[in-house]
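This report describes one structure for a reader who has not seen it before. It takes up pockets, sheets, a helix pair and some backbone details in turn.

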Amino acid sequence: MNESPEIKTLRIGVVPLADAAPLVVACARGFFAAQGLEVELSVEASWASIRDKVAAGLLDAAQMLAPMPLAATLGLDGVGVPMVTGLSLNLNGNAITVSEPLYRALRLHTHEAMAAGHALKAVLAHDRVHGRGPRVFAHVFPFSAHHYQLRHWLAAAGIDPDRDLRLEVVPPPLMVQHLRDGRIDGFCVGAPWGAVAEAAGVGQRIVSGYQIWNNAPEKVLGVTRAWADAHPATHRALIAALIAAARWLDSPAHRLEAAQVLIERVLLDAPPATLRAALARPPPGDPFAGAGLVFHDGAAGFPWRSHAHWFITQMQRWQQLDRAVDAATVARAVYRPELFRAAAQRVGAPCPTADSKAENQHATPWRMAASEGELQMGADLQLPG
């Protein structure tokens, strides 16, 4: 018999993105109710708003960028409230999009990531010769997979992200308007905003996040450490409901239904076709095949401590973290696979027995033993670091 939650009414923050689907579906299709929870979703305009409201206790939990709980715990985000996660909400979904004028200047004949990076390097060199000011690329938050994927791609092509162009933070719903107005030349953001730029005729996607790090962690469920300590049964129920919703979402038969739920809830001010496409698996032959959102398959929801460790190394690499820290200790404090395992047991979901796995050390998809549920998922950086 499942334990009773300490509190049953929760307010959870989300940002207008297709990968908010597990939270929306859990509300709309009764997965929260099945765990004894009543949940109100609060649509927030930016990741900074999510951070501030969770830290202040105005939200019980939130969809967060995967590195956000780490940055908060390390005191790097200006708030410094320790946070934890026991669930990855999804893998994949990001894309690097450029303006139509820049796309024409790149003269791309392939969707290969390194070719696009080298083409951009040539354009930037041409800009310098002709006295043009620095190009501006946007990402969604300083501590985000988008930011680190963008920097990783640029650096792999020989572009210095801090010298050869300018990086700015723009909230996801404002990306397309900034591109249309010429305030930025490109952006890295989650679905569906790259497709929205294409549908509006103002931009083109040139690289998917999957091409940089296949099946990279994107969003997590974040709570403060104090909230988790005060409400352990509620936290387990919350994670269990979202595991069940994610499992439902990864059935191909449910993807269009999930898109319709997002459309009807008016979570995103985006064309319905782009939302349907964002939740569909890209067909074979699509230049971004394999880059679709994954919510449950292959232990997609598991909070791997090796993911946390990689994010900490990126904070160090890009001088966001200027002191020595024990990355393993921080990862253990923030990424909590034991919470996932306890919640997964409630809904009969298989999960890994290890807390970490190899990242950026293998060329073939990561695979678990059949005894652990035949879980398989590629997870490797695709570009040189």
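The largest pocket is lined by 24 residues, and those nearest its centre are Arg205, Ala277, Ala278, Pro282 and Phe288. Two or more lining residues come from each of strand 5, strand 8, helix 9 (193–199), strand 9 and helix 14 (272–279). The model is a predicted one, in which local features need pLDDT of at least 70 and side-chain atom pairs count only at pLDDT 80 or more, while totals for chains, interfaces and linings use all residues. Residues are numbered from 1 along each chain as its sequence is written, and side-chain values use heavy atoms, with hydrogens and water left out.

Pockets are found on a 1 Å grid over the protein atoms alone: a pocket is an open set of points where a 1.4 Å probe fits, with protein on both sides within 12 Å along at least five of seven lines, and a lining residue has an atom within 4 Å of a point. A volume is the space filled by probe spheres set on the points, which are joined across faces, edges and corners. Helices (H or I, at least four residues) and strands (E, at least two) are DSSP runs, numbered from the N terminus. In the residue classes, Ala, Val, Leu, Ile, Met, Phe, Trp, Tyr, Cys and Pro are nonpolar, Asp, Glu, Lys and Arg are charged, and the others, Gly among them, are polar.

| Pocket | Volume | Lining by class |
|---|---|---|
| Largest pocket | about 380 Å³ | 14 nonpolar, 7 polar and 3 charged residues |
| Second largest pocket | about 190 Å³ | 7 nonpolar, 1 polar and 2 charged residues |

The lining of the second largest pocket consists of Pro16, Pro173, Val176, Gln177, Arg180, Trp193, Val196, Leu267, Leu268 and Asp269.

Strand 5 (residues 94–99) and strand 8 (residues 186–190) are antiparallel and pair over 5 bridges, with Ile96 opposite Cys188 in strand 8.

A further open sheet is made of 5 strands in the order 2-1-3-11-4, again with mixed pairing. Its edge strands are strand 2 (38–43) and strand 4 (83–91), each pairing on one side only. Direction ignored, neighbouring strands of this sheet are turned by 30 degrees against each other on average. Strand 1 and strand 2 run parallel and are joined by 6 bridges. Strand 1 (residues 9–14) also pairs in the parallel sense with strand 3 (residues 61–65), over 2 bridges. Gly13 stands opposite Ser42 in strand 2 and opposite Ala62 in strand 3. Ile12 has Ala61 of strand 3 as its bridge partner.

Helix 12 (residues 232–249) packs against helix 17 (residues 337–347) at an angle of about 65 degrees, with the axes 8 Å apart. By class, this contact has 12 nonpolar, 1 polar and 3 charged residues.

Two backbone details lie in loops. The peptide bond from Ala191 to Pro192 is cis, with omega near 10 degrees, and Pro192 is in the loop between strand 8 and helix 9. Asn92 has a positive phi of about 70 degrees although it is not a glycine; Asn92 is in the loop between strand 4 and strand 5.

Key. Axes are lines fitted to C-alpha atoms, for helices over the stretch in contact, and angles run from 0 to 180 degrees between N-to-C directions. Two strands pair if DSSP finds at least two bridges between them.
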